[in-house]
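Please look at the sequence and the model together before reading on. The paragraphs below move from single residues to the chain as a whole and back again.

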Amino acid sequence: MIETDLVAGRRAFEERAWATAYAALRRADDAQELDPLDLEQLGLAAFLTGREAESDAARERAHRGHVARGDAEGAARVGFWLALALTMRGESARGAGWFARVQRVLDEAAAEDSVWRGFLLVSVAMGRLFGGDPPSALSILDKALAASVQFADPDLRALARHGHGQAMVASGEVAQGLTELDEVLVSIAVEAMAPQVVGLVYCAVIDTCRASFDVQRGQEWTAALDRWCAVQPELVPYRGQCLVHRSELLALHGSWSDAATEAERACVRLTQPSGQAAAGLAFYQRGEMHRLRGGADDAEVAYRQASQYGHDPQPGLALLRLAQGDLAAASAGIRRALDEAHPLRGKNRLLPAAVEVALAVGDLGTARVAADRLASAAARQQAPMLTAASLQATGAVLLAEKQPREAVPLLRRAWSAWQKLEAPYEAARARVLLGQACRSLGDSDAAGLEFDAARWVFEQLGATADLTRLEALAAAGRRASPAPDGLTLRELQVLTLVATGATNRAIAEQLFLSEKTVARHVANIFAKVGLSSRSAATAYAYRHHLA
């Protein structure tokens, strides 16, 4: 017997061969309009293969078909999933309209005892949560959880418990909230749930782990999401998210080339066939990899693309501006991001950069406040990565406050914490600060050892901007007197590179500056020192132990 497209499509759907299911059901629908249940399957298969417009259209038709048959439960079901999909991809007005339509369908059918009222409670609660009202969200989610028990619905229970855990995190009960989220992720591994629920929960929990600096938990659940995607090779949503988080973890652990490759793959995956929710995060990660390796222009392009896809390019863009010497833009950018920081995602991810920028502009008060907030968050959450960042930030502030003796033990603990996390770049940055503190205490030998250790790591990683800054610091430390002839730190950096034979363009690329700015610095150096050529500048640099 020849298998019809409809039978083949249904079978492929059950086997989670989403692209095959979509193609067969689409052919069946072209031959003869499908009934509402089959249209639901067509809509989900289209969604899971990245065909958003086709998914919306099939689900709308399924909804109308259920309404025409007087099936309020079916109409509410397909309407809810359509509303959720629209909301998750940023079409909040259309999503709200469909949530309202689901409510009206249930009201008109007098379907008071419907599981979909419980699902609607989740949508209301998440709106309260994202609106900055976690207590209200928790109260509504308790009712949704009760409905999930009443109807023994695993999808509703997972969504409600997931929302409850996120609301706990947003309320400051981070450990308890993350434990709840762990329970949800365990449940989706052992219970049969709708794939859109599984994918949504995986991605949301991993994002919460990122915001909470919980590297180990995020790493475990990223691997689990990867395994879930691997058994569904035709799946399009969520897979790109795996690549983004894998890139972040590879970068943290020092595999920058692999991290950059994964970021590029994520950008492609999340923009073909259309931009998905995590596309902005993918471009942000691409920008981070360019920034860390000295590609200022490419980093800026990637940050702009991240913004186009709805992802705030901070703190990366502020750190790029800082490296370029645009302190005003760096300060304004990080300040604006902190003001707008979402209560669920929190400000913690921005605070280390806020400390760095504030110190660069000489605003010790702001730096101290940001470091103290980071310390409070670290004490509350007990996340190793957050603790390491806090120790480093506080140590940097103490160093700027001319308290190197107090800074040294904190910076050593920060370095040790980064080492335990197997985060070589951050550990090297801690050692640079530690070297500065040792030098301030008069221990030039210890300072040199710390700088040498950091230099080796930066060289291995290809952290060119950090290498340049470190060389300027080391050169300044080799002088027994203040900077000669009134040269500024930036001018010393430029002079050091001039002495290597670098052109203005090469210097601009290494220091994240424009060629025009470099030319101005070179002119200032020549004027201050009384030089007339680059060869004379090179001789001057060697004479003053700057090269």
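Is Arg286 buried or exposed? Arg286 is buried, its relative accessible area being 17%, where buried stands for under 20% relative accessible area, exposed for over 50% and partly exposed for what lies in between, with a 1.4 Å probe and protein chains only. This is a predicted model, in which local features need pLDDT of at least 70 and side-chain atom pairs count only at pLDDT 80 or more, while totals for chains, interfaces and linings use all residues. Residues are numbered from 1 along each chain as its sequence is written, and side-chain values use heavy atoms, with hydrogens and water left out.

The protein has 29 helices and 0 strands, these being DSSP runs numbered from the N terminus (H or I, at least four residues, for helices; E, at least two, for strands). Its C-alpha trace spans about 90 × 45 × 35 Å along the principal axes, and of the 547 residues 55% count as buried. If contact is taken as heavy atoms within 4.5 Å, then among contacts between residues at least 6 apart in sequence, 57% join residues at least 24 apart.

One such region can be followed from Trp18, which is placed in helix H2 (residues 18-31) and is buried, with a relative accessible area of 1%. Leaving aside residues up to four places away in sequence, Trp18 touches Phe13, Ala45, Leu48, Thr49, Pro195, Gln232, Glu234 and Leu235.

Helix H12 (residues 215-230) has 16 residues, and at 1.5 Å a residue it should span 22 Å, which agrees with the 22 Å between its end C-alpha atoms; the expected span is 1.5 Å times one less than the number of residues. The buried residues of H12 include Val215, Gly218, Trp221, Thr222, Leu225 and Cys229. An α-helix has 3.6 residues a turn, so residues three or four places apart point the same way.

Charged residues come next. A search of the whole structure finds 38 salt bridges, each being a side-chain nitrogen of Lys or Arg within 4 Å of a carboxyl oxygen of Asp or Glu. In one of them Arg246 pairs with Asp226, the closest N and O atoms being 2.4 Å apart. This pair links distant parts of the chain, with Arg246 in helix H13 (residues 239-252) and Asp226 in helix H12, 20 residues apart. Arg246 counts as partly exposed at 24% relative accessibility, and Asp226 counts as partly exposed at 25%.

Arg286 forms a salt bridge with Glu264, where the closest N and O atoms are 2.8 Å apart. Here too distant parts of the chain are linked, since Arg286 belongs to helix H15 (residues 279-292) and Glu264 to helix H14 (residues 256-269), 22 residues apart. Whereas Arg286 is buried, Glu264 counts as partly exposed at 32% relative accessibility.

Asp153, in the loop between helix H8 (134-151) and helix H9 (154-170), is buried yet has no salt bridge, and the nearest side chain of opposite charge, Arg157, is 7.0 Å away. A polar atom of the Asp153 side chain does, however, lie 3.0 Å from the backbone nitrogen of Asp155. Asp153 also touches Val115, Phe119 and Ser148, not counting residues up to four places away in sequence.

Note on methods. Lys and Arg count as positive and Asp and Glu as negative; His and the chain ends are not counted. A polar contact is a pair of N or O atoms within 3.5 Å; within protein, one must be able to donate a hydrogen and the other to accept it, and residues adjacent in sequence count only if both atoms are side-chain atoms.
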